[in-house]
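Work through the following exercises with the sequence and the coordinates open beside you. Each task is followed by a solution that goes step by step.

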Amino acid sequence: MNDTDMNDTDIPGPPEGGSCADTTHRTAAAVADAVRACPLVAGLHPGDRDHTRTDHPDRDPVLGVRLDAGTVVVGVVGYHRTRVDDLARAVRRAVHGLHPDADVTVCVEDMLPAGPEPQ
């Protein structure tokens, strides 16, 4: 997908009376919840230098999710027996459930030894 394929409505703008920071934080939190609900995901991860995060001046950051001009970057921890491509596909599917046209980058930051049985 290139820049001309992106739709400005992929990630919602601020509601009337709200701020961009509020909307971005709520959107990132919704993405985080959707990704955490994936059975192949053990958790979210902000990366080695906390680059994958969404900050807000008055709230705790959403670690493991970054929204950037139509792109959603998600840092995840998976389970050792899970294929990385299956993990990435599950994360993209979860994000696309909220933002169908967003470009999704999945960073697999770590793998834990236990988890669901492979399918």
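**Exercise 1.** Determine whether Thr52 is buried, partly exposed or exposed in this predicted model, and list the residues that Thr52 touches beyond four places away in sequence.

*Solution.* Begin with the location: Thr52 is found in the loop that lies between strand S1 (41-44) and strand S2 (53-56). Next take the relative accessibility, which is 4% for Thr52, and compare it with the cut-off of under 20%, so that Thr52 counts as buried. Finally, leaving out residues up to four places away in sequence, the contacts of Thr52 are His45, Pro46, Val62, Leu63, Gly64, Val65, Arg66, Val73, Val74 and Gly75.

**Exercise 2.** Describe how helix H1 (residues 20-36) and helix H2 (residues 84-98) pack, and state which residues make the contact.

*Solution.* The axes of H1 and H2 are 9 Å apart and meet at an angle of about 140°. An angle over 145 degrees would count as roughly antiparallel and one of 65 to 115 as roughly perpendicular, and the two helices are therefore oblique to each other. Their crossing is right-handed. H1 contributes Ala30, Val31, Ala34 and Val35 to the contact, while H2 contributes Val91, Ala94, Val95 and Leu98. Sorted by class, this contact has 8 nonpolar residues, with no polar and no charged ones.

**Exercise 3.** Count the disulfides, and classify the accessibility of Cys38 and of Cys107.

*Solution.* With the requirement that a pair of cysteine sulfur atoms lie within 2.5 Å, the count comes to 0 disulfides. Cys38 has a relative accessibility of 9% and therefore counts as buried, whereas Cys107, with a relative accessible area of 23%, is partly exposed.

Technical notes: Residues are numbered from 1 along each chain as its sequence is written. This is a predicted model: local features need pLDDT of at least 70, side-chain atom pairs count only at pLDDT 80 or more; totals for chains, interfaces and linings use all residues. Side-chain values use heavy atoms; hydrogens and water are left out. Axes are lines fitted to C-alpha atoms, for helices over the stretch in contact, and angles run from 0 to 180 degrees between N-to-C directions. Helices (H or I, at least four residues) and strands (E, at least two) are DSSP runs, numbered from the N terminus. Angles under 35 degrees count as roughly parallel, over 145 as roughly antiparallel, 65 to 115 as roughly perpendicular and the rest as oblique. A crossing is left-handed if the near helix is turned anticlockwise from the far one by less than a right angle, and right-handed if clockwise. Contact means heavy atoms within 4.5 Å. Ala, Val, Leu, Ile, Met, Phe, Trp, Tyr, Cys and Pro count as nonpolar, Asp, Glu, Lys and Arg as charged, and the others, Gly among them, as polar. Buried means under 20% relative accessible area, exposed over 50%, partly exposed in between (1.4 Å probe, protein chains only).
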